[in-house]
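These are my notebook entries on one structure, written for a reader who is new to it.

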Amino acid sequence: MVEQERQSILMVSDFFYPNFGGVENHIYYLSQCLLKLGHKVIVMTHAYGKRSGVRYMTGGLKVYYVPWRPFIMQNTLPTFYGTLPIIRTILIRERISLVHGHQAFSTLCHEALMHARTMGYKVVFTDHSLYGFADIGSIHMNKVLQFTLADVNQAICVSHTSKENTVLRSGLPPEKVFVIPNAVDTAMFKPAPKRVSYDEIVIVVISRLVYRKGADLLVEVIPEVCRLFSNVRFIVGGDGPKRVRLEEMREKHSLQDRVEMLGAVPHAQVRSVLISGHIFLNSSLTEAFCIAILEAASCGLLTVSTRVGGVPEVLPDDMIVLAEPVPSDMVQAIKKAIHILPTVDPHVMHLRMKNLYSWHDVAKRTEIVYDRALRCSNENLLERLSRYLTCGAWAGKLFCIVMILDFLLWHLLQLWQPSEDIEEVPDFVFPQHQHEEMFQNFGLAVMALLGEWLCIRRELRDIPMTRFCSGV
């Protein structure tokens, strides 16, 4: 992408702050780095509680919390066409040039990409998860993904394993799919200034306590490790439906003094939990790319993880101990990690992570994908429908009907409210080096106003009240 060319990018997903997770962090940090590179970035997500309307975040990141409530697992109810008017308005008001959707499980993402392609915008999709092929949920999800990706310009996956999974599920040509890994904010995740004592080995687990994250594995592994090593203690951060099983395990084996349950941990406090430990344990059963592993390694913790999905691609072999997702192999991996722990230098590990992963590098590589998408040729409706017909004997025809209806509704909206009648939002862009000067000037102005107010108050206090009563 030409450095001087400034794009207006709309990030769309059901998953964003104040909710916390890998997708939310990815969208936030990528948006911040794209802003620093001179692009205009807007985020669109659904309302969270009372957080609705337009909000601004650090660096001038503008967020549209559209008034849709989550239906299940932070996802909005699929409406197909219900979001078309508001998405069209945002695209026109903000003069968007490219739409970037995140996460295959996000309803809002699928609908935004569909409407954006109908209106002729270029779209990019990022897949953050792995899905199976056999269970009923995955079969339906894969067909929806096939529908959405049939018309995207480019796609991004966070690991090579994720790319292979996405290509198989969606039938997308491999040359359209790029691999750009996640990153970590190494300035935020630093090791403890003083090395933690090895008299007591602390193993940290920070994860959503759900089946997919291997909470059932933890129930089997923790008691066995505590039996083998009397100086090992566990700290478990996170919440979810499987938390009850972990608490029952703690009661059954009388491990209340050796297994600490923290509950949900705010992202701002994750580092303080990590630096209190020596080993980070990840027991996921499926994972495209685990950001939690990066955060732990950046804090100087040795990682023990299941060998699933894209996890083997995340860290060098000397920074992680991999195991099969079975209790016995996990216990052996933890035993190995405890033995090699004295050779690990947290500060050296942090410096290596700083060189390996950078959100600025992720943003620069994403710019290249945007450039490829924007250079794709424009296609009419008939050319696009021919791709949907290849999605299946019956599904292909159904997808074509959905897109034809979307096209007709878009034209009805054009007649009812022409694009010229929608007011465009002026851009307020402050170069990064001017931020500090701007805030200093603002502070001086406030101090000047405060000084004037104090002088006026002093003058008014000295005027006798009789002059006000007499009308003078």
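Contact, in these notes, means heavy atoms within 4.5 Å. What I have is a predicted model, in which local features need pLDDT of at least 70 and side-chain atom pairs count only at pLDDT 80 or more, while totals for chains, interfaces and linings use all residues. Residues are numbered from 1 along each chain as its sequence is written, and side-chain values use heavy atoms, with hydrogens and water left out.

**Entry: Ser283**

I began with Ser283, which touches Lys213, Gly214, Ala215, Leu217, Leu218, Thr306 and Met330, not counting residues up to four places away in sequence. Ser283 sits in the loop between β14 (279-282) and α9 (291-298), where helices (H or I, at least four residues) and strands (E, at least two) are DSSP runs, numbered from the N terminus. Is Ser283 buried or exposed? Ser283 has a relative accessible area of 4%, so I list Ser283 as buried; buried means under 20% relative accessible area, exposed over 50%, and partly exposed in between, with a 1.4 Å probe and protein chains only.

I then looked for polar contacts, each a pair of N or O atoms within 3.5 Å; within protein, one must be able to donate a hydrogen and the other to accept it, and residues adjacent in sequence count only if both atoms are side-chain atoms. The side chain of Ser283 reaches the backbone oxygen of Lys213 at 3.0 Å, and a polar atom of that side chain lies 3.1 Å from the backbone oxygen of Gly214.

Next I looked up Thr126 in strand β8 (residues 122-127), which counts as buried because its relative accessibility is 2%. Its side chain is joined to that of His100 by a polar contact of 2.6 Å. Leaving out residues up to four places away in sequence, I found that Thr126 touches His100, Gly101, His102, Gln103 and Ile156.

Gly237 is in strand β12 (residues 232-237), and its relative accessibility of 0% is why I count Gly237 as buried. With residues up to four places away in sequence not counted, Gly237 touches Val205, Ile206, Ser207, Leu262, Gly263 and Val265. I also noted that Gly237 and Pro266, 29 residues apart in sequence, are 9.7 Å apart in space, C-alpha to C-alpha.

**Entry: nonpolar cores**

I turned to the nonpolar cores, each a set of buried Ala, Val, Leu, Ile, Met, Phe, Trp, Tyr and Cys residues joined through side-chain atoms within 4.5 Å. Which residues touch the most other members of the largest core? Among its 97 residues, they are Ile222 and Leu274. Helix α1 (residues 22-36) gives this core its largest share, eight residues. Ile222 touches Phe234, Val236, Leu246, Met249, Leu255 and Val259, not counting residues up to four places away in sequence. There is a second, separate core of 35 residues, which includes Val66, Tyr131, Leu172 and Val177.

**Entry: salt bridges**

I looked up the salt bridges, of which the structure holds 25; each is a side-chain nitrogen of Lys or Arg within 4 Å of a carboxyl oxygen of Asp or Glu. Asp427 forms a salt bridge with Arg6, the closest N and O atoms being 3.7 Å apart. This pair links distant parts of the chain, 421 residues apart, with Asp427 in the loop between α14 (395-416) and α15 (435-462) and Arg6 in the segment before β1 (8-12).

Asp427 also meets the side chain of Arg95 in a salt bridge (2.9 Å, N to O). Here the two partners are 332 residues apart, Arg95 being in the loop between α2 and β7 (98-102). Asp427 is partly exposed, with a relative accessible area of 31%, and so are Arg6 at 35% and Arg95 at 34%.

Glu379 is in the loop between α12 (359-374) and α13 (381-388) and Arg117 in helix α3 (residues 107-118), 262 residues apart. Glu379 counts as partly exposed at 32% relative accessibility, whereas Arg117, at 7%, counts as buried.
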